[in-house]
Amino acid sequence: MPYLAAMNPHSSIAHYRIASKIGAGGMGEVYRATDTKLGRDVALKLLPAEMASDPERLARFRREARAVATLNHPHIVTIFSVEEADGIHFLTMELVEGQSLDRLIPESGLPVERIVEIASALADALAAAHDKGIVHRDLKPANVMVTGEGRVKVLDFGLAKEMRPHDPADATLTSAGKTAVGVVLGTPAYMSPEQIAGRTLDHRTDIFSLGIILYEMASGRRPFEGASSAELASTILRDTPRPLTEIRADLGNDLCRLIQRCLEKEPRDRFSSARDVRDGLQALRLASGSGARPATSTSPPPSIAVLPFVNRSGDADNEFFSDGLSEDLINALSRLPGLQVASRTSAFRFRGGDLDIRQIGRQLEVATLVEGSVRRSGARLRVTAQLVNAENGYQLWSERYDRQMADVFEIQDEIVASIVKAVVPALLGDTAHAVERSTENTEAYELYLKGRHYWHQRSPSTLRLAIQCFEQAIQLDPQYALAHAGLADCYGILRLYGWISAEEGRPKAHAAMTKAMALAPASLEANFSRAFYAFQFERDWHVAGTDFQKAVAINPRSSLAQGYYAVFLAMEGRADDAVPHATLACQLDPLSAFIHSLASVALYSLGRLDEAERAAQQALELQPDYLLALWTRGLALCGLGRHEEAIQTLERAVTLSRAPIFVGLLGLDTRVRGVLMKPSAWCVSWKIEAAGVSTSRPSHRCRFTSV
Amino acid sequence: MRQALAAAVGEATPPLTFRANSGGLFLEEFRSDPEINRMLFELYGH
């Protein structure tokens with residue numbers, strides 16, 4: 001056995017001088033060594049003797065090692081070489097000084113911030129490897145190193161299959177039981193059900209193992225335990241782990257749900273990719289500010305949805321007012337720390353429906369609901385509001401306000417204060433003037449609400465009406481910052497779809513957003529407007545980036561700001577930053593076709609066509625014929641080569657909107673259809689010609705030529 | 001392609017509109033052409 005003699009300290013193998021032994025196990029011995037040619041320290045791992053003597057297995061191992069060596073990732077230990085000297089086979093790797101994760105997990109689990117940090121790094125490493133078709137197959141805390149500075153490094157990527165005495169993919173209950181009679185085999189504690197059952201493995205086996213590590217980091221114990229390997233394997237196949245929420249109260253529901261999803265028995269029920277796990281973790285970090293903040297109580301955080309107040313004025317034109325009142329309540333409640341508020345678009349989907357209040361609560365995942373009605377007659381106003389426990393349907397509080405229109409802000413403040421008193425009394429001190437009052441003029445306020453009502457519909461005609469409303473509001477109160485911001489946003493949307501030219505829109509948008517910023521520089525609305533303007537009209541990426549960032553910092557629960565920031569980051573090619581913001585936007589507003597469409601735009605901009613198509617499809621399921629979703633789905637389908645579906649989708653968008661951008665994509669020339677039918681020619685010709693698409697004069701610019 | 005890009009630059013097509021309608025990342029493949037790269041820089045700011 002030449003290994004033992006060769007590996008004494010101060011001995012050498014090839015040009016490596018051995019310093020000390022740093023590890024040993026079923027997968028070979030590991031030494032600290034110095035590469036005397038390059039003058040650097042490395043980890044040198046001897047291959048097990050039985051592998052070294054099996055040429056076929058050795059060849060497979062070399063191929064795997066070469067593939068892993070191409071991974072250049074900050075959280076994956078780099079393989080430098082696979083070598084042979086004096087009949088000894090070994091590989092050299094980056095030397096990581098630190099401790100393995102299994103030694104760092106205390107009995108009570110790690111702090112939440114640290115769990116999310118480590119898990120994000122692991123998911124990121126897995127995503128990078130999976131992208132190259134490399135599956136770890138043996139992910140466990142002992143294979144995760146944490147350096148003194150806290151950096152995370154995954155060891156032994158893809159090598160487990162060949163280095164083990166027995167392939168874990170072949171590990172069945174029987175082979176797991178072999179440990180009892182002395183056959184060395186890695187513990188099945190971190191194996192997936194399909195791995196234990198000896199079924200075909202794919203990357204999702206690593207997601208299960210990651211789930212076990214996450215569970216262990218969170219609780220200090222493994223989710224599956226057994227007195228023997230066979231019992232343990234049986235538990236993994238059969239049992240559901242004890243809910244983490246029962247073990248540790250401060251984890252937060254979102255993190256617990258994420259871990260639980262990684263641990264689904266069926267691979268199809270888990271996250272479909274490690275990237276999705278990472279994005280979910282990033283979204284958790286974003287949602288809690290700078291880091292994943294632990295919850296402070298055993299109960300879930302208070303949550304609420306404001307359903308659209310019913311318009312009882314007998315005049316459908318007054319609906320904007322009841323909607324606006326509800327929206328302002330949502331905005332006011334969203335500003336209160338510690339209260340989770342369902343977004344407008346999600347809550348407003350239940351308008352006029354006949355769903356039971358408990359079903360609505362379940363769908364929106366909130367504990368309480370506000371519903372109410374508004375009746376207006378001239379200057380007189382009657383508002384009723386009630387707060388309902390979504391779990392049992394019982395009323396917690398209700399009130400009727402018979403006032404003058406001039407009192408509308410006081411009514412809103414009183415409603416907010418009453419809700420807070422009932423739901424989160426600790427916040428009561430923060431509720432004075434919770435409703436943003438950027439005007440005292442109730443007529444201007446009413447016009448603003450009407451303007452936002454039209455803006456949300458995002459069609460050329462409703463945007464024109466929105467502009468009229470905002471302009472009239474500004475006439476009544478020139479200092480009304482939100483109306484200026486709304487006006488700027490209208491021009492931004494008109495420009496995005498090509499309904500106005502840059503020459504027409506830019507000066508108007510600029511004037512409006514400048515005024516908004518001057519009047520309310522700390523508001524979400526003004527910062528969003530400036531970012532949107534810089535993005536749409538000026539290509540000023542610095543201002544756009546800074547202001548989008550500011551907008552999401554002002555209200556991290558604004559799905560609009562999160563969604564557009566994601567699009568902006570995607571345009572900059574910053575996938576790692578963009579996707580978590582898009583994910584968070586969708587989490588904040590899960591029933592919004594608009595937000596899912598924005599996520600789709602971001603994914604499309606990153607070239608993630610499958611995911612973009614799925615996000616757009618989700619938006620269309622929520623709202624069929626939603627224009628932005630049709631657009632982005634059509635584009636994604638084009639990229640995926642599904643041309644017939646792309647044509648149908650974009651034609652539908654054209655029929656609905658006549659927006660120049662859609663017309664431009666399909667072309668006005670009937671020859672286009674002929675070209676589109678020939679994908680190989682079309683892909684190139686469309687892309688090149690579409691580069692010249694005019695957003696203002698499509699009929700003159702959109703010419704398609706065959707290649 | 002250069003003409004098409006110049007037209008888009010000339011009329012200040014919003015970057016998002018342009019990116020979407022020019023095939024996503026398709027034009028990135030042509031960055032090695034200095035003129036195309038310059039115009040893409042103008043359109044995208046990077």
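Me: Are α23(A) and α25(A) roughly parallel or roughly antiparallel to each other, and what describes two packed helices?

Reply: Two packed helices are described by the angle between their axes and the distance between the axes. In this predicted model, where local features need pLDDT of at least 70, side-chain atom pairs count only at pLDDT 80 or more, and totals for chains, interfaces and linings use all residues, the axes of α23 (residues 559-571) and α25 (residues 593-605) of chain A come within 8 Å and cross at roughly 10°. The two helices are therefore roughly parallel to each other, given that angles under 35 degrees count as roughly parallel, over 145 as roughly antiparallel, 65 to 115 as roughly perpendicular and the rest as oblique. Axes here are lines fitted to C-alpha atoms, for helices over the stretch in contact, with angles running from 0 to 180 degrees between N-to-C directions, while helices (H or I, at least four residues) and strands (E, at least two) are DSSP runs numbered from the N terminus.

Me: Which residues make the contact of α23(A) with α25(A)?

Reply: Contact means heavy atoms within 4.5 Å. On α23(A) the contributors include L560(A), Y564(A) and V567(A), and on α25(A) they include F594(A), L598(A) and V601(A). The contact residues divide into 11 nonpolar, 3 polar and no charged, where Ala, Val, Leu, Ile, Met, Phe, Trp, Tyr, Cys and Pro count as nonpolar, Asp, Glu, Lys and Arg as charged, and the others, Gly among them, as polar.

Me: Which residues touch the most other members of the largest nonpolar core?

Reply: A nonpolar core is a set of buried Ala, Val, Leu, Ile, Met, Phe, Trp, Tyr and Cys residues joined through side-chain atoms within 4.5 Å; buried means under 20% relative accessible area, exposed over 50%, and partly exposed in between (1.4 Å probe, protein chains only). L364(A) and F548(A) are the ones, in a core of 139 residues. Leaving aside residues up to four places away in sequence, L364(A) touches several residues, among them A305(A), F350(A) and L591(A). A second, separate core of 70 residues includes A43(A) and F157(A).

Me: Where are A14(A) and R539(A) found?

Reply: A14(A) sits in the loop between β1 (12-13) and β2 (16-23) of chain A, has a phi near 50°, a positive value in a residue other than glycine, and is partly exposed at 45% relative accessibility. R539(A), in the loop between α21 (524-538) and α22 (541-554) of chain A, also has a positive phi of about 50°, but R539(A) is buried at 18%. Residues are numbered from 1 along each chain as its sequence is written, chains are lettered from A and ligands numbered from 1 in the order in which they are written, and side-chain values use heavy atoms, with hydrogens and water left out.
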